[in-house]
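Here is a short briefing on one protein model. Look at the structure first, then read the points by topic.

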Amino acid sequence: MKAALIEAPGVVTVTEVPDPTPGPREVVVKVASCGLCGTDLHIMEGEFAPTLPVVPGHEFAGEVAAIGTGVTEVAVGDRVAVDPSLYCHECRYCREGHNNLCDRWNAIGVTTAGGAAEYAVAPVANCVRLPDHVGLQDAALIEPLSCAVRGYDILSAKMASKVLIYGSGTMGLMMLELAKRTGAASVEMVDINAERLATAEKLGCSASATNADELDRPTGWDIVIDATGNAKAIQDGLGRVAKAGTFLQFGVSDYATTATIEPYKIYNQEITITGSMAVLHSYERAAELFATGVIDPKVFISDRIPLAEYPRAIDQFKAGIGRKVLVVP
């Protein structure tokens, strides 16, 4: 079968790889679409994945093409979205319910072969069946939505919060949509990309700007979310948190990224700084939200690029052109 392959840092090709076969409790999924994500860029740089080469693609959905001998939960032909998270279920963090912090954390498309291919293997436990009205080529959006749901689990946001989000790419826009549905009094967006800000305005953000100084909030915001991973945005956002407010590091930074905090201010103003790592008990809920139309695929998906052109898709995504880029086998 054809698959994208990150062969070494900065080197990606589309090549023939062996057809996958399922283990006893696994399924083979015929991939309908696979989303590109910032994590894929980190893998391209040699971060996250412990070994290369690897077939990327942790955001994908498709049709069950084959099942293992011990699989009873799904059948060939079922339509599924795949939670990429792989946990050991044995370490301290798994036992305490923090599986996303697993000492032996792995993920389909990150540390094992993923969905940037014609077919992919997944544990049956990671497959969520989809209702008929959900488009398979849209359902790759469920995985990033599940990360956003996890982010809001961390925030435990109060009603009437004033929210500021840095970054109006896919993840920032998803956080916007969830903020609107969790009782935010206002949701303001900051981005240097005018096209992406226009999408945020289309989705109904309260205000948008290329610099937070342009927004009228002299006392700061109750919730500040970084969805960029960019050092300058993070540093600026840390200074915008209101007293008793929360800063959520949601965007994925390079390993070397640093920011400066003011310990006395954190103490004196009871500011919370926290993070949200991937997916935790949120994938099924995201699938349910997606099925109800909480996000509009027509707005979020800007490009559908053939698998054969995966390197071009990566280059476009890296350049910040468009919104969600999907690869279609």
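How are α3 and α8 oriented to each other: roughly parallel or roughly perpendicular? α3 and α8 are roughly perpendicular to each other, a term for angles of 65 to 115 degrees. The model is predicted, so local features need pLDDT of at least 70 and side-chain atom pairs count only at pLDDT 80 or more, while totals for chains, interfaces and linings use all residues. Residues are numbered from 1 along each chain as its sequence is written, and side-chain values use heavy atoms, with hydrogens and water left out.

**Helix α3 against α8**

- The axes of α3 and α8 cross at roughly 115 degrees and come within 8 Å; axes are lines fitted to C-alpha atoms, for helices over the stretch in contact, and angles run from 0 to 180 degrees between N-to-C directions.
- The crossing of α3 past α8 is right-handed, meaning that the near helix is turned clockwise from the far one by less than a right angle.
- On the α3 side the contact (heavy atoms within 4.5 Å) is made by I142, E143, L145, S146, V149 and D153.
- On the α8 side Y283, R285, A286, A287, L289 and F290 take part.
- This contact has eight nonpolar, one polar and three charged residues; Ala, Val, Leu, Ile, Met, Phe, Trp, Tyr, Cys and Pro count as nonpolar, Asp, Glu, Lys and Arg as charged, and the others, Gly among them, as polar.

**Helix α3 against α4**

- Helix α3 (residues 142-155) packs with helix α4 (residues 170-181) at an angle of about 55 degrees, with axes 9 Å apart.
- The α3 residues P144, L145, C147, A148, V149, G151 and Y152 meet M171, M174, M175, L178 and A179 in α4.
- By class, the contact of α3 with α4 has eleven nonpolar, one polar and no charged residues.

**Backbone details in loops**

- Most residues other than glycine have a negative phi, and most peptide bonds are trans.
- The peptide bond from L52 to P53 is cis, with omega near 10 degrees.
- P53 is in the loop between α1 (38-44) and β4 (59-67); helices (H or I, at least four residues) and strands (E, at least two) are DSSP runs, numbered from the N terminus.
- H89 is not a glycine, yet has a positive phi of about 65 degrees.
- The loop that holds H89 runs between β6 and α2 (92-95).

Key:
Parallel < 35°, antiparallel > 145°, perpendicular 65-115°, else oblique.
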